[in-house]
Amino acid sequence: MTLLSVEGLVARHGLLEAVRDVTFELDEGETLALVGANGAGKTTLLRTIAGAHRIASGRIRFQGRDIVDDSAHRRVRMGIALVPEGRRLFTGLTVEENLQLAGQCGRRGPWNLESVYEAFPLIASRRKRRAGNLSGGEQQATAIGRALMTNPRVVLLDEVSLGLAPVAVDAVYRSLDGVLAGGATVVLVEQDLGRALSVADRVICMLEGRIVLQGTAKELTREQVVAAYFGLGREQGAPA
Amino acid sequence: MIWANQVVTGILLGGYYALLASGLSLMFGVMRIINLAHGDLAILGAFFTFLVANDLGWNPFLALVIVLPGMALVGWLLQRTMFERSLRSGVLVPLLTTFGLAIVIENLLFAKYGADTRSLGPQIGNLAFDSWKINSQIYIGHLSALIFVVAVGVLGVLHILLRRTPIGRALRATAEDADTAELVGVNSRSVYGIASGIAVAIAGLAGVFLAMRSSYDPYSGPLQLIFAFEAVVIGGIGSLWGTLAGGIILGVAQNVGAQLNPEWQILAGHIVFLAILAGRLMLTAIEERGGLDVFLGRAS
């Protein structure tokens with residue numbers, strides 16, 4: 001069943017068209033990886049879906065309903081959660097308060113303090129600490145936990161591994177694997193191509209705001225994705 | 001001993017200043033609005049109470065049952081109709097907006113009530129002047145003590161509200177990063193409305209206390225705004241208990257100044273405020289240059 005569909009989406013930063021005519025669909029339970037170079041429009045695309053960035057034109061449907069006019073906090077209540085780039089935790093609040101805040105605002109469901117701590121043992125022992133005093137990996141785990149606390153139908157994960165030590169990335173992904181195995185619907189932006197291809201069912205590659213390649217993770221080779229990533233061979237009629 | 005009396009009275013007066021300042025501090029902390037109409041909103045609360053007390057014949061304390069929710073509603077409406085729009089246009093516009101609001105409130109009150117100086121003192125009977133005698137020279141006024149206790153109570157309730165309740169979490173998160181708060185499901189518009197409502201209601205309460213312990217007229221607001229600013233700056237922005245300390249320092253300075261020379265009351269407060277502000281700036285400058293030793297050329 002289609003959970004989220006994006007049609008002809010255009011989003012701008014001032015004069016710059018960051019997302020150009022993007023169309024895709026996301027099924028319930030699917031894990032979609034968005035890959036592409038810096039400035040390809042991945043973050044902007046996620047932010048428009050979450051309602052943090054205004055769209056210039058196009059349509060976003062969630063469970064069949066057009067949500068373009070809904071504010072970000074209403075989309076959270078419908079079941080869309082964004083883990084923003086750079087974590088953006090509330091540093092003056094404790095880990096637990098960050099989680100509770102999301103919990104009090106979101107939907108009811110299986111995710112609560114206990115289940116989040118269970119899924120992210122990394123932060124269970126840090127619950128009373130201010131979020132500003134955490135390591136990068138702990139902050140990322142808290143940010144993902146915070147999104148899960150709203151019991152989302154779809155989680156938009158922006159740059160999970162950016163700026164983290166490899167060990168921390170492994171720890172975060174170990175926890176994330178458990179979440180993904182539970183049948184969550186996820187859109188993942190990830191710089192690490194190998195990791196993106198290994199966790200995702202489907203891959204969309206963006207270049208300069210457009211989708212230049214998409215397919216299931218199984219049918220796409222690493223070489224194809226890399227070529228699309230850098231915009232190589234576009235003139236030779238590569239898949240677009 | 002007379003000095004001790006002035007200090008005690010100054011501390012109690014500090015409670016009033018803290019009450020006045022806490023709303024200003026809350027609105028700045030959550031919404032980043034420097035509300036130049038804060039003092040006038042306090043005076044509006046005083047006139048509102050006067051109206052209820054006079055027309056309905058209610059005791060001013062009973063009138064608060066109507067006045068406080070009424071002022072909270074005023075705050076909420078101001079947020080929805082003015083602050084929200086002005087905030088979208090950068091930092092300067094809210095400053096101009098609230099400055100304009102201050103002038104409008106003053107002149108509307110003047111048009112309706114004229115320039116007469118009023119007081120709610122007569123309506124609260126003995127409370128206005130009764131006091132406990134500690135010894136031959138130290139007296140504690142009932143009303144001053146009551147204002148101090150209420151101020152500490154209001155700050156305590158605010159503290160618990162901010163630290164321990166869901167709405168407090170939402171307020172703190174929105175204060176820190178409103179965009180991200182929206183992304184975890186916080187309705188920042190309603191949080192701003194609540195913050196504004198609480199801030200204006202507390203301002204109104206402070207105005208009522210001013211009217212009980214002293215007198216007021218339609219143009220009393222700006223001076224109260226300055227006192228509130230001084231208390232906030234002395235105590236440090238964003239700290240409720242710091243605001244109480246700031247209020248007390250201001251109150252003591254004014255009373256001690258008045259004891260030195262009755263004309264120096266307000267002046268002494270301003271001087272202490274400026275001294276603390278200058279001291280802060282100097283400390284910051286010293287730290288930026290690498291600490292005291294480097295600053296004084298003692299570093300090896």
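Predicted model: local features only at pLDDT ≥ 70, side-chain atom pairs only at ≥ 80, totals over all residues.

Tutor: Residues are numbered from 1 along each chain as its sequence is written, with chains lettered from A and ligands numbered from 1 in the order in which they are written.

Student: What is the strand order of the open sheet in chain A?
Tutor: In general, strands of a sheet pair through backbone hydrogen bonds, either parallel or antiparallel. Strands here are DSSP runs of E, at least two residues, and helices are runs of H or I, at least four, numbered from the N terminus; two strands pair if DSSP finds at least two bridges between them. In chain A, four strands form an open sheet in the order β2-β1-β4-β5, with antiparallel pairing. At its edges are β2 (16-27) and β5 (65-66) of chain A, each pairing on one side only. Two bridges join β4 (residues 57-62) of chain A to β5(A), and Phe62(A) stands opposite Arg65(A) in β5(A).

Student: Which helix packs on that sheet?
Tutor: Contact means C-beta atoms, placed from the backbone, within 7 Å. Angles run from 0 to 180 degrees between N-to-C directions, with axes fitted to C-alpha atoms, for helices over the stretch in contact. Helix α1 (residues 42-50) of chain A touches β1 (2-13), β2 and β4 of chain A, and its direction makes about 65 degrees with that of β2(A).

Student: How many residues are in the largest nonpolar core?
Tutor: A nonpolar core is a set of buried Ala, Val, Leu, Ile, Met, Phe, Trp, Tyr and Cys residues joined through C-beta atoms within 7 Å. The largest has 159 residues, and Leu156(A), Leu188(A) and Ala195(B) have the most contacts inside it. Its largest share, 17 residues, comes from α8(B).

Student: Is Ala211(B) buried or exposed?
Tutor: A residue is buried with 20 or more other C-beta atoms within 10 Å of its own, exposed with 12 or fewer, and partly exposed in between. Ala211(B) has 26 such neighbours, so it counts as buried. Ala211(B) is found in helix α8 (residues 188-213) of chain B. Its C-alpha is 7.5 Å from that of Arg118(B), 93 residues apart in sequence.

Note on methods
Contact = placed C-beta atoms within 7 Å.
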